[in-house]
Amino acid sequence: MATMSLSNTRHNGFALSRRAAISSRAVFFTTSALVYTAAIVSATLTLNPYFSQTWDVNTFIHAARTLSDGSPFDLYAQTRAAQTWPYAYPPLHAFVVALALFIGDLTRVLPDYVWARAPVIAADIGVALVLFRVVLQKSNDETIARAAALVWLFNPITFYDTAVQGHFESEWLVFVLLAYTWHEDARHVALPAIALALAVLFKQTALVFAIPLWAEMIKGEVRRTKDGVLHPSSFILHPFLFAIIIGAVCLPFLLYSNDFVFMNLTYVEDVPVQTASWIIALLGVTRAAPDALTSDFFLLRYQAVVTMLAAVVIAFIGARRGWSLYLAATLIAVAFFLTSKKVMGYYYVMLLPFLLAEVLPKRRFDLALITLVVTSYIALAPYYAAWTNHAHWWVYAILGTANSLFFVWLFAQLIADRRPHPERTLSEQSESKRESKDAAVSRLRSAVVLSLGLFATATIAAWLQPLLPNNGSPIRAPLVAPGMEVNALVTLAALIGLAIGALFVVRALARLTGARTIIAAGSSVLIFAPLFFSVYTLTKETTAIFEIALKLLGV
């Protein structure tokens with residue numbers, strides 16, 4: 001009787017503990033989602049229209065209105081004819097924006113350019129939820145899992161992608177992550193195929209991140225064949241479902257006109273070089289004219305094929321060596337940055353969820369932090385484009401090569417690390433060599449504090465923009481409108497003061513002690529504050545600022 005009573009007590013205690021954990025998570029994610037949504041929406045409303053109503057955002061709004069106001073199948077014909085809003089993507093994003101605009105038309109609370117970001121905000125939160133599950137499963141540590149969700153949501157790269165550019169990378173990223181998760185569960189056959197199909201229907205880029213999963217499937221099928229255990233139905237069902245879903249959505253557009261193929265393949269393949277990588281150096285020495293933005297050199301002419309082949313090689317090497325899907329995807333993202341001729345600032349966000357899922361469970365917090373800081377700079381760094389002074393191509397080539405060297409270093413760091421995930425490590429092994437749990441938690445919280453601090457600095461810079469209205473060109477001199485110089489200095493000082501204040505608040509919430517952490521985080525905020533001020537408050541492209549500086553230096 002006593003034994004049964006003790007068993008019931010333990011069962012009730014476990015149930016209560018489980019309910020408390022679920023409740024705590026619900027509060028955590030609800031609060032995070034509300035704060036994130038409020039920050040993104042408020043920043044979008046205060047940013048200069050150059051950013052809040054970018055060419056891309058207007059393209060998405062036009063595409064959505066075309067779907068809802070006329071024949072949906074006219075989408076690609078109209079975008080090709082208009083040329084001013086080139087919708088060069090599969091149709092799914094246009095559909096979800098159309099739904100968001102429909103809700104906006106009913107409520108009439110916010111402008112279209114905010115509603116166009118609603119699906120992206122929802123997807124950002126979705127990525128945080130999936131990332132939490134993945135990291136929790138791999139690390140068996142709630143603190144690390146929550147940190148992954150926070151770093152993904154509250155960092156300057158995600159802020160730039162969603163609030164500033166209004167792009168939709170997270171919409172396809174969330175489905176790629178779901179596909180990986182469902183594949184690892186090993187209970188689902190159809191779900192990974194459905195998720196990958198939806199990811200590709202949002203953006204073609206998702207296709208290269210489907211390759212690691214397919215490589216894993218082929219490896220598994222080969223192993224089962226050698227063992228004499230055949231399950232061809234699962235191997236056949238996945239590509240069948242994938243193709244059926246893609247075909248069902250795209251075939252009507254394809255049959256309606258050839259504009260679908262042109263916008264999704266030809267238009268994308270013919271885009272000029274616009275990046276901040278070593279590709280600029282390659283362009284400079286291979287192009288036919290000093291101002292040409294394309295070249296017949298094979299890496300530039302067949303860039304999409306080269307990137308795809310690199311993804312295939314990485315995926316199959318990873319499958320052979322037993323790499324995780326997240327490591328393979330991280331390496332593919334790096335390879336994309338190194339081989340693609342068009343890598344805009346919002347592209348870099350695709351690296352983060354895969355990187356966090358791979359390195360945080362291994363407690364490589366420093367690598368995650370370094371990558372976040374450097375990539376935050378590269379996302380806003382000067383890039384070579386049509387409107388730059390082409391005589392300065394060699395300067396951009398040097399800057400771009402430095403950026404690429406970082407990604408080469410990151411690639412090497414990732415493949416060199418063969419430490420197992422914590423759940424595969426016996427607790428009694430090498431205890432003396434492991435850092436204490438308190439030290440690990442402190443380093444993790446430091447990374448979260450820095451990420452939140454940079455996010456807060458970027459957000460505050462956007463909030464301060466109305467104090468310095470800019471009616472001039474964001475890509476031309478002057479840097480500050482005449483007569484606004486004192487206002488600009490005061491506003492910059494206010495930004496730095498508010499950012500440092502926000503950093504102390506975050507530090508207190510994270511319960512961090514020690515001066516070293518706040519000094520490191522504060523130094524990073526001080527370094528990035530002028531950058532965020534220039535872009536988000538002054539509304540100046542860093543390339544324009546760089547060109548002004550080169551002119552002053554007589555270059």
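Gly554 comes after H25, and its phi is positive, near 75°. A reminder to myself before going on: this is a predicted model.

**Entry 1: the whole chain**

I looked up the overall make-up next. The chain has 25 helices and zero strands. Of its 555 residues, 53% are buried. I also checked how far apart in sequence the contacting residues are. Taking contacts between residues at least 6 apart in sequence, I found that 79% join residues at least 24 apart.

**Entry 2: H25 and its partner H21**

Back to H25, this time for its buried residues. I noted Thr542, Thr543, Ala544, Phe546, Glu547 and Leu550 as buried there. Then I looked for a helix packed against it. Two packed helices are described by the angle between their axes and the distance between the axes. For H21 (residues 393-416) and H25, the angle is about 125° and the axes are 12 Å apart. H21 and H25 are therefore oblique to each other. I wrote down the handedness too: their crossing is right-handed.

Which residues make this contact? On the H21 side I listed Val395, Tyr396 and Leu399, and on the H25 side Thr543, Phe546, Glu547 and Leu550. Sorted by type, the residues of this contact are five nonpolar, one polar and one charged. Glu547 of H25 takes part in the contact, and Glu547 is also on my list of buried residues.

While I was on H21, I looked up Leu405, which lies in that helix. Is Leu405 buried or exposed? Leu405 is exposed, because its relative accessible area is 55% and the cut-off for exposed is over 50%. Its C-alpha is 8.9 Å from that of Ser277, although Leu405 and Ser277 are 128 residues apart in sequence.

Leu538 sits in the loop between H24 (515-537) and H25 (542-552). I looked up its accessibility and found Leu538 buried, with a relative accessible area of 6%. What does Leu538 touch, leaving aside neighbours within four places in sequence? I wrote down contacts with Leu468, Asn470, Leu479, Val480 and Phe533.

**Entry 3: H10 and H11**

Next I picked another helix pair. H10 (residues 169-185) and H11 (residues 190-202) have axes that come within 8 Å and cross at roughly 165°. That makes H10 roughly antiparallel to H11. The crossing of H10 and H11 is left-handed.

From H10 the contact uses Glu171, Trp172, Phe175, Val176, Leu178, Ala179, Trp182 and His183. From H11 it uses Leu191, Pro192, Ala195, Leu196, Leu198, Ala199 and Phe202. How do these residues divide by type? I got 13 nonpolar, one polar and one charged.

Asn264 lies in H14 (residues 259-269). I found Asn264 buried, at a relative accessible area of 7%. Not counting residues up to four places away in sequence, Asn264 touches Tyr76, Ala88, Tyr89, Pro90 and Gln204.

Asp105 lies in H5 (residues 92-107). Asp105 is partly exposed, with a relative accessible area of 31%. Apart from residues up to four places away in sequence, Asp105 touches Arg65 and Asp112. I also noted Trp115: Asp105 and Trp115 are 10 residues apart in sequence and 9.5 Å apart, C-alpha to C-alpha.

I finished by going back to phi. Asn140 is not a glycine, but its phi is positive, at about 55°. Where is Asn140? I found Asn140 in the loop between H7 (118-139) and H8 (142-153). Asn140 is exposed, with a relative accessible area of 67%.

Arg363 is not a glycine either, and its phi is positive, about 60°. Its place is in the loop between H19 (351-359) and H20 (365-380). I noted Arg363 as partly exposed, with a relative accessible area of 27%.

Conventions:
Residues numbered from 1 in each chain as written. Predicted model: local features only at pLDDT ≥ 70, side-chain atom pairs only at ≥ 80, totals over all residues. Heavy atoms only, no water. Helix = DSSP H or I, 4+ residues; strand = E, 2+ residues; numbered from the N terminus. Buried < 20%, exposed > 50% of the residue type's maximum accessible area, 1.4 Å probe, protein only. Contact = heavy atoms within 4.5 Å. Axes fitted to C-alpha atoms, helices over the stretch in contact; angles between N-to-C directions. Parallel < 35°, antiparallel > 145°, perpendicular 65-115°, else oblique. Left-handed = near helix turned anticlockwise from the far one by under 90°. Nonpolar A, V, L, I, M, F, W, Y, C, P; charged D, E, K, R; others polar.
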